[in-house]
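Please keep the sequence and the structure at hand while reading.

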Amino acid sequence: MVDSSGTSAHWRGLAELLRPHRRRYLVLGAVLGVASSIPLLSPLIVGRVVDRAAEGAELEELTALAAALVAVGLVGQAVAVLVAWFATRTAWQTTNELRLELADHVLALDHEFHRSHTAGELVQRIDGDVTAVSDFLSQVVVKIGGALVTVAGMVVVLTLLDWRIGLAMAVYVAVAFAAVGSRRNHAVEESSDELSAHARLYGGIEERLAASEDLRSNGGGAYAVQGFVDHSVEVAETAVARERAYLRVWRIVSLGIASGAVLSILGGGVLVERGIITVGTAVVLFQYSQLLRRPLEELMDQLQVIQKATGGMRRVLELRAERPTIVDCGSTSPPAGALSVELDAVDFDYGDGERVLDGVDLHLGAGRSLGLVGRTGSGKTTISRLVLRLIETTRGEVSLGGVAIADVPLAELRRRVALVPQEVQLVAGTVRDNVTLFDADRSDDDVRDALVQVGLERLADGLDRELGAAGTGLSAGESQLLALARIWLRDPDLVVLDEATARVDPVTEARLEAALDALVRDRTVIVIAHRLSTLRQLDEIAVVERGRVVEHGERVALEREPTSRYAALLRTGAELPELAP
């Protein structure tokens with residue numbers, strides 16, 4: 001059962017989205033009104049031809065009427081093409097802006113949202129669902145709006161010819177459109193389910209393509225194919241359910257169309273026999289009943305588009321209603337220069353009650369460098385996300401430069417704090433694009449200097465070299481170095497490196513260490529690493545275990561203290577020992 005109030009809310013939401021473009025749609029409405037009135041002329045001309053021929057009119061008059069009929073048809077076709085072009089252009093202008101708005105909105109949502117939504121699903125929601133709305137605006141609005149104008153004009157013309165015919169037609173039109181309108185939301189749930197199934201299908205495809213190497217090398221191909229089959233079956237089942245709902249409406253409309261044709265023939269014949277109307281008027285009545293057939297059939301044909309658009313609009317509004325937990329309400333800037341980092345009694349969980357961090361206290365002075373070490377899953381990356389404000393603490397406070405991180409404007413935070421992740425994201429574009437992230441204000445000299453500083457001299461001489469999708473053409477180590485070049489170019493005050501050397505060879509690791517050594521000067525740096533060589537030039541070490549900082553101190557002092565956990569790690573070169581309960 002479809003919630004009609006919910007559906008009305010969706011269309012109110014659509015009206016709100018269209019309000020900035022109301023001038024375009026007013027112009028479209030005016031053109032549509034003219035275009036929809038032209039078909040009313042042809043039956044009148046045909047009726048006139050019949051009556052004048054019966055009265056013995058001259059051939060010249062009948063020829064002139066025939067020429068007028070042809071002219072009306074040609075003008076009607078030309079105007080119809082103009083309306084279709086203008087409607088499509090207007091709809092795509094509107095929905096392209098909506099796509100941009102949704103993409104910007106999704107990018108502003110925080111880590112938790114993206115953790116639970118695949119990239120393929122979001123592509124479907126931003127593009128696929130909006131395309132359904134675009135089809136509605138470019139097709140349904142034109143056809144249904146034109147149909148309403150045509151039908152209203154038809155009732156007016158017939159009323160002028162004979163009020164009884166006009167009244168009968170008005171009643172028939174009201175009943176026919178009410179019957180169809182009552183079923184307009186019949187398949188909305190089915191259409192929304194189908195769109196959701198498509199989103200899951202695309203999300204699964206994207207996920208399996210991203211893991212294609214692992215799946216092939218580890219014999220997971222059958223699993224990937226089965227997942228695709230399962231999602232495809234779901235898409236097929238939801239499509240069948242929508243078609244079944246649509247066919248139920250189609251039967252009602254077909255019955256109404258057939259009934260209208262029979263009634264117009266019988267009623268026209270009776271009125272002609274009684275001398276109330278002429279044969280030409282009866283012809284007009286029949287042609288108008290057939291003219292009414294087209295709006296009803298179009299409404300029926302477009303009902304699926306309407307239902308898809310309703311489902312798409314529902315999902316668009318649901319996506320727009322998503323709100324980030326990271327709220328930008330800060331107005332305080334930390335002091336200029338390197339930033340100190342303080343975590344005071346910080347707890348964090350992902351909403352499931354399982355603590356990832358438990359009472360973390362960590363203080364790092366401005367301009368200092370800190371290495372975070374610990375077992376996989378101990379909470380190191382979570383600490384870095386809190387420092388970047390990609391997630392919010394469950395309890396406690398994170399401060400940068402003595403200012404609570406929530407009080408720092410997000411734009412300033414993103415400018416002054418930078419991350420080099422373990423999985424560097426490169427894009428299809430030039431070397432320059434990947435270093436500057438499409439910032440046209442950066443000079444080529446600055447980009448070259450950044451590449452040279454991190455040891456990528458060979459790329460510095462080819463800034464216009466095209467890289468493929470995901471940075472095809474660079475090794476994993478070169479990708480990491482390019483990510484460091486981004487940081488060098490931005491010149492932030494706090495840098496977080498998350499396992500930056502985890503996927504590189506020893507030679508590239510040495511180049512990374514040299515670049516890191518230059519990078520840590522005059523800024524605060526937090527390094528998450530398993531390779532101990534990455535930590536040699538850092539000032540401090542913090543050992544994290546089970547969501548707690550169990551050891552923190554000067555690196556040199558911890559190295560020299562035989563009983564320290566860090567010293568034990570250096571001696572064994574293995575993972576940290578487990579904490580005692």
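This is a predicted model: local features need pLDDT of at least 70, side-chain atom pairs count only at pLDDT 80 or more; totals for chains, interfaces and linings use all residues.

R432 is buried, with a relative accessibility of 15%. This residue forms a salt bridge with D444, in which the closest N and O atoms are 2.8 Å apart. Because R432 belongs to helix 14 (residues 431–436) and D444 to helix 15 (residues 444–453), the pair ties together parts that are 12 residues apart in sequence.

**Overall composition**

- The protein contains 20 helices and 12 strands.
- Of its 581 residues, 47% count as buried.
- Among contacts between residues at least 6 apart in sequence, 75% join residues at least 24 apart.

**Other salt bridges**

- Side chains of opposite charge can pair when their charged atoms come close.
- How many salt bridges does a search of the whole structure find? The search finds 19 salt bridges.
- One of them joins R416 to E412, with the closest N and O atoms 3.2 Å apart.
- R416 and E412 are four residues apart in helix 13 (residues 410–416), so about one helical turn separates them.
- R416 is buried at a relative accessible area of 5%, and E412 also counts as buried, with 12% relative accessibility.
- A further salt bridge links E559 and R555, whose closest N and O atoms are 2.9 Å apart.
- E559 and R555 are four residues apart in helix 19, and about one helical turn lies between them.
- E559 counts as partly exposed at 32% relative accessibility, whereas R555 is buried, with a relative accessible area of 13%.

**Helix 20 and its buried side**

- Which residues of helix 20 (residues 565–572) are buried? Y566, A567 and L569 are buried in this helix.
- These residues lie on the same side of helix 20 because they cover an arc of only 155° around the axis.
- An α-helix has 3.6 residues a turn, so residues three or four places apart point the same way.
- The exposed residues R571 and T572 are carried by the face of helix 20 turned away from its buried side.
- The buried residues of helix 20 pack against strand 3 (369–373), strand 11 (540–545), strand 12 (548–554) and helix 19 (555–560).

**Helix 15 against helix 17**

- Helix 15, which holds D444, also meets helix 17 (residues 476–490): the axes of the two helices come within 8 Å and cross at roughly 125°.
- Helix 15 and helix 17 are therefore oblique to each other.
- Is the crossing of helix 15 and helix 17 left-handed or right-handed? The crossing is right-handed.
- On the side of helix 15, the residues that take part are D446, V447, D449, A450, L451 and Q453.
- On the side of helix 17, they meet A485, W488 and L489.

- E466 is found in strand 8 (residues 466–467) and counts as exposed, with 57% relative accessibility.
- E466 and V431 are 35 residues apart along the chain, yet their C-alpha atoms are separated by 6.5 Å.
- Leaving aside neighbours within four places in sequence, E466 is in contact with G429 and T430.

**Residues with positive phi**

- Most residues other than glycine have a negative phi, and most peptide bonds are trans.
- R389 has a positive phi, near 55°, although R389 is a residue other than glycine.
- R389 is located in the loop between helix 12 (380–388) and strand 4 (395–400).
- Is R389 buried or exposed? R389 is buried, with a relative accessible area of 2%.
- F438, also a residue other than glycine, has a positive phi near 70°.
- F438 has its place in the loop between helix 14 and helix 15, the two helices that hold R432 and D444.
- F438 counts as exposed, with a relative accessibility of 53%.

Terms used: Residues are numbered from 1 along each chain as its sequence is written. Side-chain values use heavy atoms; hydrogens and water are left out. Buried means under 20% relative accessible area, exposed over 50%, partly exposed in between (1.4 Å probe, protein chains only). The arc is that of the directions from the helix axis to the C-beta atoms. Contact means heavy atoms within 4.5 Å. A salt bridge is a side-chain nitrogen of Lys or Arg within 4 Å of a carboxyl oxygen of Asp or Glu. Axes are lines fitted to C-alpha atoms, for helices over the stretch in contact, and angles run from 0 to 180 degrees between N-to-C directions. Angles under 35 degrees count as roughly parallel, over 145 as roughly antiparallel, 65 to 115 as roughly perpendicular and the rest as oblique. A crossing is left-handed if the near helix is turned anticlockwise from the far one by less than a right angle, and right-handed if clockwise.
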